[in-house]
Protein chains: 2
Amino acid sequence: MNERLIFLTNDDGVGARGLARLIEVLRPFGHIVVVAPDGARSGMSHAITMNAPLFLRKLRDEPGLEVYACSGTPVDCVKMALDHLLVDRRVDLICSGINHGSNAAINVLYSGTMGAAIEGGFYNVPSIGFSLDDHSLDADFEAAGLVAAEIVSRILDARPATPLCLNVNVPKVRPEDFKGIRVCRQCRGHWREDFFRRQNPLGHEYFWLTGAFKNAEPDATDTDEWALAHGYASVVPIQVDLTDHARLETLGGVLDR
Amino acid sequence: MNERLIFLTNDDGVGARGLARLIEVLRPFGHIVVVAPDGARSGMSHAITMNAPLFLRKLRDEPGLEVYACSGTPVDCVKMALDHLLVDRRVDLICSGINHGSNAAINVLYSGTMGAAIEGGFYNVPSIGFSLDDHSLDADFEAAGLVAAEIVSRILDARPATPLCLNVNVPKVRPEDFKGIRVCRQCRGHWREDFFRRQNPLGHEYFWLTGAFKNAEPDATDTDEWALAHGYASVVPIQVDLTDHARLETLGGVLDR
């Protein structure tokens, strides 16, 4: 028998509780290899480390589980795993998370969790990013773990065509209040920042980002934001062609020469 | 008369030659405000700084030109400018670049230049990322500057509907060998890494990313990669709905419950 190999990463760092929960619920599905950042890398998007060396350190090696810490970004972790550490082994599934905080709607663009999941999709292995709609350090990952296990089980059984990348977000609910899983589309909207301003002890002003999400279609019922707000886990299939195909022709009239 | 206000940023840092060239060619179009990273931030994608304070420092203030350095990422620079520094002023155009290196094809996802341009598009102002297909420090920005000026002129005249974000890439050619401007779509493909491995003086192994781009459609003639390879500047209109709409239905059959 060929045991499955499942690669995990995240953006909250190798010690994060969301990752521990993901390891726990996915161990029954196969051999787990984790390469995760050596500290928090939230908001790192699809960033890669171009101007610094990367270090990789083995933290655990036990039956069914290997854990490594990497000094880079979440996307670096995926590249280190798939193009170096596991380059001679067949990887059956890539998962990222479980993130502390929602990555629904336009958050997919800022998210290190989803940066890693999207990069994973480039290796022709089903790749899934999991996030819980709760930023707090003591967030309850009970329901999110159950959702992750169920989605992984269905994807491993159904073997959908690759490349496949899913953005899964789980509402902040107890398992008994969970409504179900909905495949949906990314909600339109954007963030506006209200900078928090203070002075440091030297008298220099500094700023922190403190934004708010503006939902551009609060009444649409087929979006990830709607699903989350109504107790469902949202699943958005992800593609990476950013071309605005509808505008090619009119812009050609303005710019081609 | 209301002078135009043009906001500029980049990912190579406030001192980069590509930014200097962009300032030079765009000054005739209006008042320029630059907020750019205080050092190189290549490969930062759409990253934001969540766990550290941001500092903003004025470097120049002269007729027609204000320049600030920001301690954050390219996207942080856009947010600092549009939601803080310029919040009471009407911005007419946002440009990012000129980047040292191509951001065609899937590079759009890793690029700090394009992260900033995409963020700029969220402010309902035409937003354009410019990149030159030449990484070298002494790259020749002559042609790229002319292309930037021409595209900016046409966009300011045509006033296309917003949100509008363009990914412009300029080939490494002398102005006399430049073939023209082509609106095209993002080429499919991905990177594979061949890690460069060395040992540091303490005997610890370290790695550098040294990837190669695999073009998945080298024969297609309507892509940005084709345009660049044939002496044209490529212009790809950008949208940010990552939903793979074609897969919603079949995945719903597998996952909805």
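1. Helix α4 (residues 112-121) of chain A is mostly covered, with ten of its ten residues buried. Buried means 20 or more other C-beta atoms within 10 Å of a residue's own, with C-beta atoms placed from the backbone. Helices (H or I, at least four residues) and strands (E, at least two) are DSSP runs, numbered from the N terminus.

2. This is a predicted model: local features need pLDDT of at least 70, side-chain atom pairs count only at pLDDT 80 or more, and totals for chains, interfaces and linings use all residues. Residues are numbered from 1 along each chain as its sequence is written, and chains are lettered from A in the order in which they are written.

3. Among the buried residues of α4(A) are A:Met114, A:Ile118 and A:Glu119. Their cover includes, from chain A, strands β1 (5-9), β5 (93-100), β6 (127-132) and β7 (165-170), plus helices α2 (74-85) and α3 (107-110).

4. Now the interface. In chain A, 62 residues are in contact with 62 residues of chain B. Contact means C-beta atoms, placed from the backbone, within 7 Å. Elements of chain A that each supply at least two residues include α2, α3, α5 (142-158) and β13 (232-237). The largest share, five residues, comes from α7(A).

5. By class, the side of chain A that touches chain B has 34 nonpolar, 16 polar and twelve charged residues. Gly counts as polar here; Asp, Glu, Lys and Arg count as charged; Ala, Val, Leu, Ile, Met, Phe, Trp, Tyr, Cys and Pro count as nonpolar.

6. A rotation of 180° with 0.0 Å of shift along its axis superposes chain A on chain B, at RMSD 0.0 Å. That is the relation of a two-fold axis. The same surface serves both copies: 100% of the contact residues of chain A recur in chain B.

Methods. Least-squares fit on C-alpha atoms with pLDDT ≥ 70 in both. Contact = placed C-beta atoms within 7 Å. Buried ≥ 20, exposed ≤ 12 C-beta atoms within 10 Å, placed from the backbone.
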